[in-house]
Amino acid sequence: MEIQNQLKSLADKITKLKDKIDTEESTKHAFVLPFINILGYDTFNPTEVIPEYTADIGLKRGEKVDYAIFQNEQPIIIIECKNWKEDLDTHNSQLFRYFHATKTRFALLTNGIEYRFYTDLDASNKMDEKPFLEFNITALKDNAIHEIAKFHKSNFDIDKIVDNASSLKYTKEIKKLISEQLQAPSQSFIKLFAKEVHTGIVTKRILDEFTELVTKAFNQTISEKVNDRLNAALNKETQKQQEDIIEVEEISKIITTEEELESFRIVVAILRRKLPISRIAYRDTQSYFGILLDDNNRKPLCRIHLNSSNKYIGVFEKDRGETKHLIQSIDEIYEFEKQLLQTVDYYESE
């Protein structure tokens with residue numbers, strides 16, 4: 001999928017250059033305009049991508065939105081850009097005014113790294129308060145790439161995107177609500193389950209008891225589902241594929257460098273507050289230097305890639321997929337403390 005490769009290249013560029021970008025204008029030129037190009041729109045064609053597009057509102061003149069993308073001489077997307085260091089939460093009101101003035105159906109608020117797409121699901125020609133599509137370009141998932149592709153010039157269909165926007169928006173909100181309830185369940189949420197399984201009156205004591213039980217039950221269910229899927233996948237692997245997963249290689253071809261050992265010591269320093277040092281192990285392979293929990297290849301904490309001209313750290317999300325991040329030196333491993341601790345929490349909750 002070409003757009004996937006293009007987005008990945010842009011994400012790598014952003015990771016490498018962002019610390020050298022200091023202004024909003026630089027953010028636009030280095031990060032946002034390449035994204036518009038990836039969508040198939042010619043940023044050098046003033047009839048297709050218009051910078052500083054006028055969005056006058058009533059008596060207020062001279063209001064301009066950073067970019068407007070046109071199709072058939074009509075604005076289809078307006079884009080408001082901010083410096084990559086800025087928090088987008090404080091800027092959607094400005095875009096709200098522009099949306100009403102331009103009569104477009106889609107608005108994009110971005111700092112070049114975070115992207116938030118809005119439409120008017122709740123009231124016609126009035127931008128919704130919450131985006132229907134939101135993503136971080138440096139940590140894209142497949143479903144987000146699929147939605148981004150719908151905005152490509154060759155695929156763009158207003159009706160199809162709007163029809164799907166409702167599902168995206170409410171699915172996102174439901175997932176957020178589920179996540180919040182798993183972290184800190186409300187009394188009404190606990191009461192729902194207590195009433196189903198408890199035969200007596202649901203008193204405050206019963207609610208307190210069920211708060212812990214419901215939280216534990218959900219965490220166990222999620223862990224069991226994940227393990228079931230992993231086991232099913234492993235059972236389908238051939239013996240050769242299993243050998244590839246645990247990466248059994250000839251020891252004579254593997255040379256563990258001092259830089260790799262130093263990266264291991266950095267990870268130990270980060271995790272020793274949560275784990276005994278004895279539970280943190282490493283296995284060197286020809287492809288990468290792996291750091292594991294309990295010396296278990298199915299519990300990777302991170303992977304250090306130092307064998308090419310570029311250096312990377314690979315961290316693991318809940319689905320256990322590896323996400324690589326470009327680093328200039330192994331000292332930058334300290335910047336991934338949060339991800340490493342979250343990975344430990346996930347394994348410990350199983």
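Author: Happy to! Let us start with a term: a residue is buried under 20% relative accessible area, exposed over 50% and partly exposed in between, using a 1.4 Å probe and protein chains only. By that rule, buried residues make up 39% of the 350 residues in the protein chain. Please keep in mind that this is a predicted model, where local features need pLDDT of at least 70, side-chain atom pairs count only at pLDDT 80 or more, and totals for chains, interfaces and linings use all residues. Residues are numbered from 1 along each chain as its sequence is written, and side-chain values use heavy atoms, with hydrogens and water left out.

The chain holds 10 helices and 11 strands; these are DSSP runs numbered from the N terminus, with helices (H or I) of at least four residues and strands (E) of at least two. Its C-alpha trace spans about 70 × 65 × 40 Å along the principal axes. Taking a contact to mean heavy atoms within 4.5 Å, residues 24 or more positions apart supply 50% of the contacts with a separation of 6 or more.

Now to the crossing. Helix H6 (residues 187-197) meets helix H7 (residues 204-236), with axes that come within 9 Å and cross at roughly 90°. The axes are lines fitted to C-alpha atoms over the stretch in contact, and angles run from 0 to 180 degrees between N-to-C directions. Angles under 35 degrees count as roughly parallel, over 145 as roughly antiparallel, 65 to 115 as roughly perpendicular and the rest as oblique, and H6 and H7 are therefore roughly perpendicular to each other. On the H6 side, the contact is made by Gln-187, Phe-189, Ile-190, Lys-191, Phe-193, Ala-194 and Val-197. Facing them from H7 are Leu-207, Phe-210, Thr-211, Val-214 and Phe-218.

For another helix pair, look at H1 (residues 2-17) and H4 (residues 142-149), which pack at about 110° with axes 10 Å apart. That angle makes H1 roughly perpendicular to H4. Here Ile-3, Gln-4 and Leu-7 of H1 meet Asp-142, Ile-145, Ile-148 and Ala-149 of H4.

Asn-72, between strands S2 (64-71) and S3 (74-81), has a positive phi of about 55° although it is not a glycine; at 69% relative accessibility, Asn-72 is exposed. Asp-294 lies in the loop between S8 (289-293) and S9 (300-305). Its phi is near 60°, also positive in a residue other than glycine, and Asp-294 is partly exposed at 35%.
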